[in-house]
Amino acid sequence: MPRIAGSGGSALRRVRPVVASGKGDAEAGPEEDGPKGATAPERRSATIAIYSVKGGVGKTTFAANLAWCSAQAAHHSDGHRTLLWDLDAAGGSGFLYGLEPKGSRLAEEVFNKDRPATKLIQKTADPLVDVLPADESIRALDAQLMRIGKRKRLAKLTEELSADYPRIVLDCPPVLNELSAQVARAADLIIVPLPPSPLSARALELVVREIAGTTKRHPPILPVLSMLDMRRALHRQVREAQPDWPAVPYASVVEQCAVQHRPVGAISPNSPAAQAFAMLWRAIEAKLAEKRG
Ligand SMILES: Nc1ncnc2c1ncn2[C@@H]1O[C@H](COP(=O)(O)OP(=O)(O)OP(=O)(O)O)[C@@H](O)[C@H]1O
Ligand SMILES: [Mg+2]
């Protein structure tokens, strides 16, 4: 059973920000599906999934902006690139970076290993952010993964890509299926955006339960309040109930990302929203460092 500190009580109950992961991996398969955890302590690369079972909660916004924050951190240190991998056929991550859909159906071939992922990766205006875009073909990704039958295919692909991209950010679709199970096996950390609502703690518990059900060794899960508007009484109430969760404010500059095709940090670096994403990225790096031990 997944453990959530402080659970029980009202729908607004407090939940500690990082949910403990399970222990041991009973699912490690024989072939390509070797246990990722076995090499984790030496690995300095990391895959960060932005995931929720719910739609419209800010996943794509988080993914695009956090990839940019990752690149900013790299600009100041080792100069390594970040890959933003769009796993949602809607293609929002590529759109936020102004990438044009190519109109082809190729993304699914990456999962079949018919085409190397590197052939599909596109450059963005930021030299340290590349995007592996989605297209219509991955609408059927769930069925495709079931057909392939490799339970760690996504983990294997991210591991291969991590040689070139020490940080990989996955923009996930709001699904609960084989793809989300593969995401849980591939990720070192799962970020769950939660718009403030009395149901936010419940939504998180649903995600945790489902993720924990897919693999015994699930990665840490970090809930983050999304679209927080402190002018609204309900949002203040939720904030009060979850003071430890990182939060991204509701802001028109965030909506501008889709208009200007640039991350909020590039549009307005000093805005509270840009600062919030930067702070969240630092929390992510701290969690990854803690996990490495
Ligand atoms: N902090 C914010 N302030 C204002 N608007 C926001 C904020 N975060 C997200 N939005 C807006 O909310 C909408 C949904 O965001 P987004 O597309 O990132 O969600 P999603 O979870 O990826 O959705 P889907 O499940 O459909 O893929 C978008 O119009 C986005 O611009
Ligand atoms: Mg999305």
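Below are exercises on a predicted model, each with a worked solution.

Residues are numbered from 1 along each chain as its sequence is written, and chains are lettered from A and ligands numbered from 1 in the order in which they are written. Because the model is predicted, local features need pLDDT of at least 70 and side-chain atom pairs count only at pLDDT 80 or more, while totals for chains, interfaces and linings use all residues.

**Exercise 1. State how many helices and strands the protein has, and what share of its residues is buried.**

Step 1. Helices (H or I, at least four residues) and strands (E, at least two) are DSSP runs, numbered from the N terminus. The protein has 11 helices and 8 strands.

Step 2. A residue is buried if 20 or more other C-beta atoms lie within 10 Å of its own, exposed if 12 or fewer, and partly exposed in between, with C-beta atoms placed from the backbone. Of the 293 residues, 45% count as buried.

**Exercise 2. Give the strand order of the sheet and identify its edges.**

Step 1. Two strands pair if DSSP finds at least two bridges between them. The 8 strands form an open sheet with mixed pairing, in the order β3-β4-β2-β5-β1-β6-β7-β8.

Step 2. β3 and β8 (247–249) each have a single partner strand, so one side of each lacks a neighbour in the sheet and these two strands are the edges.

Step 3. Helix α7 (residues 200–214) packs on the sheet and touches β6 (189–194) and β7. The direction of α7 makes about 150° with that of β6.

**Exercise 3. Describe the pairing and the burial of β6.**

Step 1. Strand β1 (residues 46–50) runs parallel to β6 and is joined to it by 3 bridges. Ala 49 stands opposite Ile 190 in β6.

Step 2. β7 also pairs with β6 in the parallel sense, over 5 bridges, and Leu 222 in β7 stands opposite Ile 191.

Step 3. In β6, 6 of 6 residues are buried. One side holds Leu 189, Ile 191 and Pro 193, the other Ile 190, Val 192 and Leu 194, and both faces are covered.

**Exercise 4. Work out how α1 packs against α11.**

Step 1. Axes are lines fitted to C-alpha atoms, for helices over the stretch in contact, and angles run from 0 to 180 degrees between N-to-C directions. The axes of α1 and helix α11 (residues 272–292) lie 9 Å apart, at an angle of about 70°.

Step 2. α1 is therefore roughly perpendicular to α11; angles under 35 degrees count as roughly parallel, over 145 as roughly antiparallel, 65 to 115 as roughly perpendicular and the rest as oblique.

Step 3. Contact requires C-beta atoms, placed from the backbone, within 7 Å. Among the residues of α1 that meet α11 are Leu 66 and Cys 69, and among those of α11 are Phe 277 and Trp 281.

**Exercise 5. Characterise the shell around ligand 1.**

Step 1. A residue is near a molecule if its C-beta atom, placed from the backbone, lies within 6 Å of it. 20 residues surround ligand 1, and the closest are Gly 55, Lys 59, Thr 60, Thr 61 and Val 254.

Step 2. At least two shell residues come from each of α1 (59–75), β7 and α9 (252–260).

Step 3. By class, the shell has 10 nonpolar, 7 polar and 3 charged residues. Ala, Val, Leu, Ile, Met, Phe, Trp, Tyr, Cys and Pro count as nonpolar, Asp, Glu, Lys and Arg as charged, and the others, Gly among them, as polar.

Terms used. Two residues are in contact if their C-beta atoms, placed from the backbone, lie within 7 Å.
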